[in-house]
Amino acid sequence: MGRFHRHEDGTAHAHDGEDGHAHGEDHSGYQTGAERVEVLERIFGENDKTAAANRAEFAASGVRAVNLMSSPGAGKTTLLRETLSRLAGLVRIGIIEGDIETSLDADRLAGFGAAIALINTGNGFGGECHLDAPMVASALPRLPLGQLDLVLIENVGNLVCPAEFDVGQDARAMVYAITEGEEKPLKYPVMFRSCELVVVNKMDLLPYLDFDLDAFVGNLRKVNPAADVLFVSARTGEGVGAWCDWLRARL
Amino acid sequence: MHELSICSSIADIARRRAAGRAISVINVRVGQLRQIVPDTLVYCWSLISEETPLAGSRIVVESVPARIRCRSCERTADVGDLPSFACAACGGIDVEIVAGEEFLITSLELADEGAGG
């Protein structure tokens, strides 16, 4: 993707398109005698440095990490339960569980032999809505990375903020529930575009909803033409095998 | 939704770059795809900077529309408000984002100490 450059000194700048739109900078500061200091420093620079360190730590341990995102209630935790029960004994899995206040989700995932590190993001200043790279870094010492194949990072339920923060994952996947409506990819394009895989969940409810699956897929394709799409019901188990295969193909 | 934590990152960078000098304006460039609400950013800045040496400084947001370039036909186009990341000209899906992901502090304007600010 056409991200802007990062230079050795940590500064960065964007290149305009070939038609070079004006940035409308106001240079009047010079005329009033006020001094201007050029900065050109990326605001997520610190986060991204930590994300790179997390990525290196995963790689050094031979672990693949998947950042799993969704809105609240889309079924991430139910899908993870199904995943753990099917892959137990086949793939050594660690879970990093982001939750604002409780250990409810982590409790639901206990008992499958997976190592679980809980992060209560409510303790982090301004970190109530997403996991960031330092939070994930704080969880890593609590996972036996050397004995794992795969780390699933269950992000905070939110379609906006988690898309913005690189946490050091190898891949991003999201769980979308068909109860959320067809237009969600257009309303949250950054989230839907950030993912390599969209798991379309709660497919067992399709007969009971006024949900236009073709319209949803069309909207998804507008913002992310390249994503893998899997149709799943974490509740009935339909399609969960394909999701497990997708995970195993990344190892 | 995470403008508060962003403001604290901005404060860290601004303090370091200003090296003790008083700041009047922090110019920030924000791409459309960054999902930052400029008014919220400005409001959160007033909360963050209050009762610190940065109090009284302002954040000025320069918004950058999202643009894509099609790798097949080489055309560039705005992504628009109802976003589409496929090429409108040829229908190609192999596109790169050439603008709209910016999120940086471009410059600081220092307070004119002589003005008694």
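Visitor: What distance separates the centres of domain 1 of chain B and domain 2 of chain B?
Guide: In this predicted model, the centres of domain 1 of chain B and domain 2 of chain B, taken over C-alpha atoms, are separated by 31 Å.

Visitor: And which residues go into each of those domains in chain B?
Guide: The domain assignment puts 1-65 + 100-117 in domain 1 of chain B and 67-99 in domain 2 of chain B.

Visitor: How many residues are in contact between domain 1 of chain B and domain 2 of chain B?
Guide: Seven residues of domain 1 of chain B are in contact with seven residues of domain 2 of chain B, and the two domains bury about 450 Å² between them, with 59% of that on carbon and sulfur atoms.

Visitor: Which residues of domain 1 of chain B lose the most area there?
Guide: Those are B:Gln32, B:Leu33 and B:Pro65, which together account for 67% of what the domain 1 side buries against domain 2 of chain B. By class, the side of domain 1 of chain B that touches domain 2 of chain B has three nonpolar, two polar and two charged residues.

Visitor: How many salt bridges are there between the two domains of chain B?
Guide: The count between domain 1 of chain B and domain 2 of chain B is zero salt bridges, although one residue pair is found in polar contact across their interface, both at pLDDT 80 or more.

Visitor: Switching to chain A, how many helices and strands does it have?
Guide: Chain A comes to nine helices and ten strands, and of its 251 residues, 53% are buried.

Visitor: What share of the chain A contacts join residues at least 24 apart?
Guide: Among contacts in chain A between residues at least 6 apart in sequence, that share is 71%.

How values were computed:
Residues are numbered from 1 along each chain as its sequence is written. Chains are lettered from A and ligands numbered from 1 in the order in which they are written. This is a predicted model: local features need pLDDT of at least 70, side-chain atom pairs count only at pLDDT 80 or more; totals for chains, interfaces and linings use all residues. Side-chain values use heavy atoms; hydrogens and water are left out. Domain bounds come from an automatic or database domain assignment. Contact means heavy atoms within 4.5 Å. Buried area is the accessible area (1.4 Å probe) that two parts lose on being put together, summed over both. A salt bridge is a side-chain nitrogen of Lys or Arg within 4 Å of a carboxyl oxygen of Asp or Glu. A polar contact is a pair of N or O atoms within 3.5 Å; within protein, one must be able to donate a hydrogen and the other to accept it, and residues adjacent in sequence count only if both atoms are side-chain atoms. Ala, Val, Leu, Ile, Met, Phe, Trp, Tyr, Cys and Pro count as nonpolar, Asp, Glu, Lys and Arg as charged, and the others, Gly among them, as polar. Helices (H or I, at least four residues) and strands (E, at least two) are DSSP runs, numbered from the N terminus. Buried means under 20% relative accessible area, exposed over 50%, partly exposed in between (1.4 Å probe, protein chains only).
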